[in-house]
Amino acid sequence: MRVSGGEGCCLRQSRMISTLPDPCILTARDLACRRNERSLFTGLSFAVSGGSGLALTGPNGVGKTSLLRVLAGLLRAEAGTVSIAPALPDLDLPQRSVFVSSRDPLKGALTVRELLAGWQAIVFAGEGGSVDGALQAFDLAALAGVPCAYLSSGQRRRVSLARLKLSSSANRPVWLLDEPTNALDAAARSRLAAVVGDHLAAGGMVVAATHDPLGWPDLAALDLGAHVAGRQAKAALA
Amino acid sequence: MSGFLALVRRDLALSLRIGGGASFALVFFLMIVTLTPFAIGPDLNLLSRIAPAILWIGAVLATLIGLDRLFQADAEDGTLDLLKAGRLPLEGVVLAKCLAHWLTTGLPLALAAPLFGLLLAMEPAGMAAAALSLLVGTPALTFIGAVGAALTAGIRRGGVLIAIMALPLMIPVLIFGVAACNAAVGGTIPFATPLAILGALTLIFAVIGVIGSAAGLRQVD
Amino acid sequence: MTIINQLANPTRFMSLSGKLLPWIAGLSAMCFAIGFYGAWFSAPADYQQGETIRIMYIHVPAAWLAMFFYTLMTASAIGALVWRHPLAEVAQKAAAPIGASFALICLITGALWGRPMWGTYWVWDARLTSMLVLLLIYLAIMALWRTIDEPTQAGRAVSILTLVGFVNIPIIKFSVDWWNTLHQPASVFRMDGPTIHPSMLWPLLICAVAFSLFSICLHLIGMRTEIMRRRVRTLTILAADQADRTIPAGAMRSAAE
């Protein structure tokens, strides 16, 4: 695990675990992002290798969600590159990661099982996950037949996260989670921690934007706020 | 391919379970057909002469129903991010959603047209022509509307904007749709000519609409 | 729990309507038998319209009932808005599709009747057109019901629309009459007594009674279905909650009753 950023980027060593013969690595080089005429961050570089994770912290508006969307290939960075090695033909960033945003893409008229089965058929077809596995992993089996409109916000969040198990760690090694523990109770948090633990053990990578301490093992921290402040100080000096 | 069909099935299920979709467009169509005679009077001869125009304007406006939510609903709740992460190209996603929209809007409109033609004292040949021309032409309306829907997917109040953007682009379809209906009940040109042009328009707009909508959706982030 | 309080009253309705239904259905079948016998065999063909006059025995009751059910909906809407009675909402929701169906039957039979009379299926005569507008209002109300998921919220919104529609219907009727005054004048209810011959009148009245009883059956069944649907909804929500937390089993059972 190595994290290298601009000044002020918190750095912490952690063990390298990988069960994949070919360890994956997510590399971000010199990323810059601008939203609504406002520069969020510049010169951001880091790498996350298989079996480890990165927790993005920092105050609101510093660009955590934007960074995740850049990593997911959904938002174009103003400068810099993101790559997942080894590269696979025909598969780009969005197809090699699972991005769980802070919004819950639930359809009130569909039951939980219909919704997950739809995601699997439309998005994750043939990627080695299963609807039943996803239901099990987040303790949703009892809710499988309930229309999403009737779920509480914690339940909606769990259904949202269940997509993580619709693909396999080999197919989508990068998990990008935006405030994953929001609205989750203690039991659900430990479920999520277990699922993330399995993913890391299988050689996957996790990048999570968070305000709360997640308590997951093998997690380095990247303080985006400190990074931005450091860059600004440097620019002021120059 | 299975992802494509699954997306069509999902959208059909959603539009059939939630109100809207098929039933709203049909009711709106019926309302336009009903309103026109109030404005121009109950003279059956006059009504039967302008019936193709009423049916086609009704169909054009009714197609707009539900179009504002075509991509917006998915953009709002984050489903669009998910769809972008699949292996189905965004063009495939657009085509699937357009197909589902047409099956719940354009197709019922075309099938109901002969029935509504009765209200306007259309001749049987005219009713058949109206149904056939709508069957061939309404997919073009959906594809054009989809571009507007994609461009406003990230905007809160996109509904009226879609109508303003899409209606001018729908004019050619309207011209040849009404021309086909008129040709069927007399006139100098054979019925097949405007109908063939209408079919060509649908094919052209299928290509333009799908590519344009996919490009529009890529801008939404 | 408020949910259970709301279900308490409908529970009495369920048992009462369950007992009443077979009797009303039987009575309705009997009236249909007598009324249709009268309409088909005993009543004479009209001297002007011939055998097609027999469509009247369906057309006229359907028109009456289409208007009756809107009145019923209006009364229910007042009940739902003023007294917040859950049964009133249910009655209103169940009435809309029945009223719409009768309006549609009235329009279809009117078109079939019009074909031999006017030589075309449809003319924009005042009364048929008013019925068409009534059908459109029914459809709008049903659309609003379908769009709002939460039953109480939907009931409130639909009640307001129903009342606005009720105030508007006489205005619409007046406007349409003014727009087109081609149709023959009303022939049953007139200040100087009915002009229709008694041999035609009595089957018509019995048919009207039969259709009314039949529609009351449909309405009761519709209300029962709606009550069941709300219970299923409540239970599904409770079940979704219970999947996570352990709710006392008694709460589930009393909600089911």
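Visitor: What share of the 257 residues of chain C count as buried?

Guide: In this predicted model, 31% of the residues of chain C count as buried. Chain C is built from seven helices and zero strands, so that its elements, read from the N terminus on, run α-α-α-α-α-α-α.

Visitor: Why does C:V158 count as buried?

Guide: A residue is called buried if 20 or more other C-beta atoms lie within 10 Å of its own, and because C:V158 has 25 C-beta neighbours inside 10 Å, C:V158 counts as buried. The residue is found in helix α5 of chain C, which covers residues 151-179. Leaving aside neighbours within four places in sequence, C:V158 is in contact with C:Q92, C:I141, C:L144 and C:W145.

Visitor: What makes B:G177 buried rather than exposed?

Guide: The cut-off for burial is 20 or more other C-beta atoms within 10 Å, and B:G177 has 32 of them within that distance, therefore B:G177 is buried. B:G177 lies in helix α10 of chain B, and, not counting residues up to four places away in sequence, it touches B:W56, B:S133, B:L134, B:G137 and B:L198. The C-alpha atoms of B:G177 and B:L203, which are 26 residues apart along the chain, are separated by 15 Å.

Visitor: Why are α8(B) and α10(B) called roughly antiparallel?

Guide: The axes of helix α8 (residues 124-151) and helix α10 (residues 171-184) of chain B come within 8 Å and cross at roughly 160°. Angles over 145 degrees count as roughly antiparallel, and therefore α8(B) is roughly antiparallel to α10(B). The crossing in which α8(B) passes α10(B) is right-handed.

Visitor: Which residues make the contact between α8(B) and α10(B), and how do they divide by class?

Guide: From α8(B) the contact is made by B:A125, B:G126, B:A129, B:A130, B:S133, B:L134, B:G137, B:A140 and B:L141, and from α10(B) by B:V173, B:G177, B:A180, B:C181 and B:A184. The residues of this contact divide into ten nonpolar, four polar and no charged, with Gly counted among the polar residues.

Visitor: How many residues has the largest nonpolar core, and which have the most contacts inside it?

Guide: The largest nonpolar core has 149 residues, and those with the most contacts inside it are A:V207, B:F29, B:L109 and B:A180. The element that gives the most to this core is α8(B), with 15 residues. A second, separate core has 52 residues, including C:C106, C:Y138, C:V158 and C:C217.

Visitor: What is B:F29 in contact with, leaving aside its neighbours within four places in sequence?

Guide: Under that condition, B:F29 is in contact with B:G58, B:A59, B:A62, B:L109, B:A112 and B:F116.

Visitor: How many residues of chain B are in contact with chain A, and which element of chain B gives the most?

Guide: On the side of chain B there are 21 residues in contact with 20 residues of chain A. The elements of chain B that give two or more residues to this side are α1 (2-17) and α5 (79-84), and α1(B) gives the most, with eight residues. By class, the side of chain B that touches chain A has nine nonpolar, five polar and seven charged residues.

Key:
Residues numbered from 1 in each chain as written. Chains lettered and ligands numbered in written order. Predicted model: local features only at pLDDT ≥ 70, side-chain atom pairs only at ≥ 80, totals over all residues. Contact = placed C-beta atoms within 7 Å. Helix = DSSP H or I, 4+ residues; strand = E, 2+ residues; numbered from the N terminus. Axes fitted to C-alpha atoms, helices over the stretch in contact; angles between N-to-C directions. Parallel < 35°, antiparallel > 145°, perpendicular 65-115°, else oblique. Left-handed = near helix turned anticlockwise from the far one by under 90°. Core = buried A, V, L, I, M, F, W, Y, C linked by C-beta atoms within 7 Å. Buried ≥ 20, exposed ≤ 12 C-beta atoms within 10 Å, placed from the backbone.
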